[in-house]
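Okay, everyone, thanks for coming.

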Amino acid sequence: MSKNVYLPYAATSEKAHIKSMVQYRKMHNKSLESTEQFWSEIASQFHWETPYDINNFYSYNFDVTKGPVQVKWMEGATTNVCYNLLDKNVRNGMGDKVAFYWEGNDPEDYSKITYKKLLEEVCRFSNVLKSKGVVKGDRVAIYMPMVFEIVIAMLSCARIGAVHSIVFAGFSSDSLAERMADCKCKVLVTADSVYRGDKLLNIKSLCDIAMDKAKNFGHEVSTCIVVRHLPRLYRSMNTSNGTNGSNSDIIDLHSDVPILNITLNDNLTFSVPWTDGRDYWWHDEMDDVEPSCYPVWVSAEDPLFMLYTSGSTGKPKGVLHTTGGYLLYAATTFKYVFDYHPGDIYWCTADIGWITGHSYVVYGPLANGATSVIFEGTPFYPDNGRYWSVIEKYKVTQFYTAPTAIRALMKFGEEPVKKHNVDSLKVLGSVGEPINPEAWLWYYQNIGKERCSIADTFWQTETGGHVITPLPGCTPMKPGSASFPFFGVKPILLDESGKEIEGVGEGYLVFNKPWPGIMRTLFGNHERFQSVYFSKFPGYYCTGDGARRDEDGYFWVTGRVDDMLNVSGHLMSTAEVESVLTEHPDVSEAAVVSRPHPIKGECLYCFVTPNHGVTFTPKLSSELVKKVRESIGPFAMPDVIQHAPGLPKTRSGKIMRRVLRKVAVNDREVGDISTLADEHIVEELFKNRPEKS
Ligand SMILES: CC(=O)SCCNC(=O)CCNC(=O)[C@H](O)C(C)(C)COP(=O)(O)OP(=O)(O)OC[C@H]1O[C@@H](n2cnc3c(N)ncnc32)[C@H](O)[C@@H]1OP(=O)(O)O
């Protein structure tokens with residue numbers, strides 16, 4: 001074994017589910033060689049209304065040349081995910097156990113909900129959805145902050161067989177509109193507004209704009225259910241900040257939009273745009289319905305949810321996950337990757353709007369009867385020690401966050417950490433991008449006190465759950481390596497010609513066999529599903545990421561091999577940003593590349609060619625930044641807009657992006673540029689670099 005290896009803490013290993021690499025290898029081999037047996041033993045721990053057939057446990061085709069790509073697990077069996085997460089745990093005596101602690105943006109706001117109460121609320125909301133005409137297979141869009149109601153809405157969909165489509169509340173109204181129109185949701189569930197740090201985000205206003213825009217795309221949302229969140233917050237009741245539109249992210253509404261004023265306290269009101277006959281308050285609807293709702297038994301291969309992810313050609317892709325396989329995979333990865341034991345308090349900081357939040361805030365933890373923390377705020381409010389204070393407050397044992405958050409917190413040194421007792425921690429997780437060794441070490445030493453295992457998890461919206469990850473108490477860790485495959489997963493590296501690379505080497509990261517939680521299709525577009533993921537190398541699912549295998553067999557994910565980039569753990573495509581930039585009437589062409597960023601990991605560096613006769617001005621630059629924020633979302637804000645009198649194109653018209661990446665980092669070693677139509681443009685671009693960038 002090479003140097004720089006960190007062995008798991010002995011006391012953790014002793015109690016871990018997987019105590020050694022020998023045990024891991026044995027189980028991993030079984031998962032690949034006796035797949036049916038391995039997963040059916042896990043499936044038997046869940047309720048199946050119609051049992052699965054062990055002789056027809058799973059089937060698949062990954063080879064486009066042999067017919068349509070398909071993946072099926074336990075086809076013919078029926079179950080209900082919500083029943084397995086809630087009713088089953090309540091029946092097993094866990095009714096009074098806390099399912100979630102809720103920690104608001106303001107430390108004065110906190111709450112908790114038991115399994116029994118969660119079940120009751122889910123049943124009520126299932127009845128509300130039914131009363132609005134939602135039936136099995138219908139899509140329900142959810143655009144919400146991190147509050148209990150987002151979980152309740154998701155599980156209510158699962159209970160009645162509806163398909164939830166959550167849109168991260170950091171996305172713009174354009175993005176929400178596009179996603180709602182694509183999935184043709186019947187209902188949108190949202191909240192009036194939410195504080196993020198100091199800032200008040202007027203979510204309902206944004207939803208109104210999005211519903212209007214969706215109409216332009218040909219889809220009308222018939223019902224919008226709104227959680228009244230603001231009036232229950234400490235901050236709203238005790239300060240004047242953010243109300244009546246002051247200091248808030250208020251969206252300009254047309255003057256004819258009806259407004260509802262909510263009284264917060266004696267002096268303050270908050271305005272919410274309201275359309276009678278379409279908009280309903282959550283609490284009003286919940287008052288009128290029964291607290292019980294019989295679950296709809298659905299097929300193991302019926303859809304559970306869809307979740308949009310960026311596509312490298314611009315239009316987002318509605319990744320579809322189904323019922324049975326996803327349940328098994330979310331439950332099993334959660335148990336082993338976080339080494340979850342009863343009594344633990346688990347906290348994943350990711351927003352539920354991302355796949356991490358689906359699998360590891362909601363489905364995985366509840367399937368294991370776990371107690372978790374849901375956090376509404378940011379790591380920096382009211383101070384930079386907020387994460388550590390939450391860990392101390394709830395005595396968190398497993399903490400799962402993103403490298404970008406770690407890097408942002410490293411900036412403040414150890415002092416904010418030292419003010420809190422984080423000794424309850426046993427396992428640390430990392431998600432969103434490969435963690436850089438410097439951040440890994442800081443996390444390991446200052447947060448984990450050299451006692452905690454770090455699970456540096458590699459996976460994607462498409463994979464449904466972790467696919468390559470260390471296991472706590474088991475895997476000797478190498479900072480920056482996701483290490484070894486999870487059970488049921490066999491990573492393969494391919495060279496450009498599609499040949500499998502054995503032993504040490506680097507190539508395309510692909511898989512030739514499904515695990516239960518892999519996506520099944522792209523909503524409404526199986527053709528695109530096949531062409532995006534299965535056409536480059538027939539017979540393999542192509543992740544779009546590259547990876548290296550070292551001499552000890554560890555996998556190191558090296559990043560995207562396509563035109564995608566990862567900004568603060570949010571995946572986006574250069575094409576979607578370029579298409580927004582070129583929509584500006586003064587822009588003729590745009591090319592976007594990623595540039596390394598010390599905190600965000602990567603940031604957007606945009607080259608823009610104005611139309612003939614248009615001068616590139618700071619005003620144009622700020623208009624473009626604003627346009628990207630408004631079209632995609634604030635997290636996609638470009639760091640640099642550079643004037644490009646021309647773009648470096650080959651004679652066939654292809655933009656040489658590697659040259660642009662060099663310009664972005666001011667590295668003059670541009671390599672061979674002899675195939676460019678006009679080599680002089682490269683020098684022009686270096687000259688035009690904005691001074692401070
Ligand atoms: C496989 C997967 O699922 S990947 C999922 C894993 N990825 C993650 O968990 C993401 C990790 N990143 C983060 O949590 C954040 O970037 C943090 C906490 C580290 C930093 O947060 P911020 O300081 O707000 O910076 P960030 O770059 O994310 O946000 C930029 C803008 O988006 C807005 N934004 C971010 N999150 C949200 C949200 N949940 N709701 C509304 N707006 C949001 C911010 O308010 C900010 O707006 P501003 O420019 O007007 O101030």
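Let me start with a definition: rings of Phe, Tyr and Trp (its six-membered ring) pair if their centres lie within 6.5 Å, and planes under 30 degrees apart count as stacked, over 60 as edge-to-face and the rest as tilted. By that rule, this structure has 61 aromatic pairs. Take Tyr58 and Tyr60, a stacked pair with 6.1 Å centre to centre and 10 degrees between the planes.

Quick housekeeping. This is a predicted model, where local features need pLDDT of at least 70 and side-chain atom pairs count only at pLDDT 80 or more, while totals for chains, interfaces and linings use all residues. Residues are numbered from 1 along each chain as its sequence is written, and side-chain values use heavy atoms, with hydrogens and water left out.

Back to those tyrosines: is Tyr58 buried or exposed? For us, buried means under 20% relative accessible area, exposed over 50%, and partly exposed in between (1.4 Å probe, protein chains only). Tyr58 comes in at 18%, so it counts as buried, and Tyr60, at 33%, is partly exposed.

Rings can also have a charge over them, which here needs NZ of Lys or CZ of Arg within 6 Å of the ring centre and within 35 degrees of the ring normal. Lys132 puts its charged end over the ring of Tyr280, 3.6 Å from the centre. Lys478 does it with Tyr554, at 4.4 Å from the ring centre.

Now, salt bridges: a side-chain nitrogen of Lys or Arg within 4 Å of a carboxyl oxygen of Asp or Glu. How many salt bridges does the structure hold? The count is 42. One of them joins Asp63 and Lys66, 3.7 Å from N to O. Asp63 is buried at 14% relative accessibility, whereas Lys66 is exposed at 69%.

Then there's Lys627 with Glu583, where the closest N and O atoms are 3.3 Å apart. That one links distant parts of the chain, 44 residues apart: Lys627 is in helix α19 (residues 618-631), and Glu583 is in the loop between α18 (574-582) and β31 (587-597). Helices (H or I, at least four residues) and strands (E, at least two) are DSSP runs, numbered from the N terminus. Glu583 is exposed, at 51%.

Last pair: Lys662 and Asp667, 3.0 Å from N to O. Lys662 is partly exposed at 26%, and Asp667 is partly exposed at 26% as well.
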